[in-house]
Amino acid sequence: MAKPLLPDDLWERIEPLLPKKPPRPKGGRPPFDDRKALTGIIFVLKTGIPWEYLPQEMDCGCGMTCWRRLKAWFLAGSWEQIHTALLSHLRFLKKIDFSRFLIDTTHVRAVGGGAQTGPSPVDRAKLGSKIELITDAQGVPIVVDVCPANHNDNLDTIKLIDRVPPIAGVVGHPRRRPERLQGDRGFDDEDDREQLRQRGIIPELAKRRTEHGSGLGKFRWFIERTNSWFKQFRRVRIRYERLPAIYYSFLKLAAALICYRIANSGFS
């Protein structure tokens with residue numbers, strides 16, 4: 001069961017980016033194997049089961065061991081590094097399109113409450129969060145974040161575009177800026193347009209109270225498809241974690257797995 005969850009070639013890319021274990025000169029029980037712990041984390045991410053229900057037959061340790069490893073790797077910045085490394089691999093394969101980036105949000109219920117939640121305007125004011133997402137022109141997840149469900153979309157446009165990591169993979173400097181940024185009417189903001197221009201990005205943010213028919217909608221289905229890819233991970237579809245760091249870590253791991261899937265498919 002573990003092999004399809006964490007293939008050898010994916011593990012070879014991830015292992016160097018995980019924190020090194022400190023030496024234990026006085027002996028004691030050795031720390032639990034990182035690959036087994038990551039396999040358990042991926043299993044929880046994909047199935048959505050509670051941590052304590054992680055099957056012992058998988059030899060992935062107990063659920064709390066995997067939870068602690070997930071949090072420790074967040075604090076070490078490993079999830080950011082893993083996602084960026086896979087993006088650089090995609091650029092090497094010529095599977096990242098910088099001609100246009102897309103920005104969107106999607107709502108999820110937050111059954112446990114916690115930070116970065118708020119009354120959802122699309123779910124009878126129940127507590128929820130938003131997944132904020134930037135993809136390339138073909139739907140490759142570039143930036144993902146979480147915010148309260150009642151947070152206005154246009155408040156984080158510049159913050160998200162500035163969080164695009166330096167994507168290497170080809171000769172020359174790593175690249176961070178797309179040629180254009182497209183968003184729907186929720187991202188309408190003149191100040192954001194000006195700040196995007198200052199960064200050398202052409203803003204294509206739809207304006208409120210204008211007629212449809214701009215033609216920009218033909219590009220939106222790529223990011224909507226990526227939103228649906230994220231929702232295929234059951235632990236992302238509904239937010240159970242009170243700590244936003246844990247939910248964010250799941251989002252980053254899901255983004256990395258989507259990038260790996262794209263790299264090993266005919267997607268281009």
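These legends walk you through a few views of a predicted model. Local features need pLDDT of at least 70 and side-chain atom pairs count only at pLDDT 80 or more, while totals for chains, interfaces and linings use all residues. Residues are numbered from 1 along each chain as its sequence is written, and side-chain values use heavy atoms, leaving out hydrogens and water.

**View 1. The whole protein chain.** Of the 268 residues, 50% are buried, meaning under 20% relative accessible area with a 1.4 Å probe, protein chains only.

**View 2. The largest nonpolar core.** This set of 70 residues consists of buried Ala, Val, Leu, Ile, Met, Phe, Trp, Tyr and Cys joined through side-chain atoms within 4.5 Å. Leu 38, Ile 142, Phe 230, Val 236 and Phe 250 have the most contacts inside it. Helix α10 (residues 244–263) gives the most to this core, 14 residues.

**View 3. Around Phe 230.** Beyond its neighbours within four places in sequence, Phe 230 is in contact with residues including Leu 133, Pro 141, Val 144 and Ile 258; contact means heavy atoms within 4.5 Å.

**View 4. Helix α4 and its cover.** Residues 63–75 form this helix of 13 residues. Among its buried residues are Trp 67, Leu 70 and Trp 73. The cover over the buried residues of α4 includes α3 (34–47), α5 (78–92) and α10. After α4 comes Gly 77, with a positive phi near 75°.

Terms used:
Helix = DSSP H or I, 4+ residues; strand = E, 2+ residues; numbered from the N terminus. Expected span 1.5 Å × (residues − 1).
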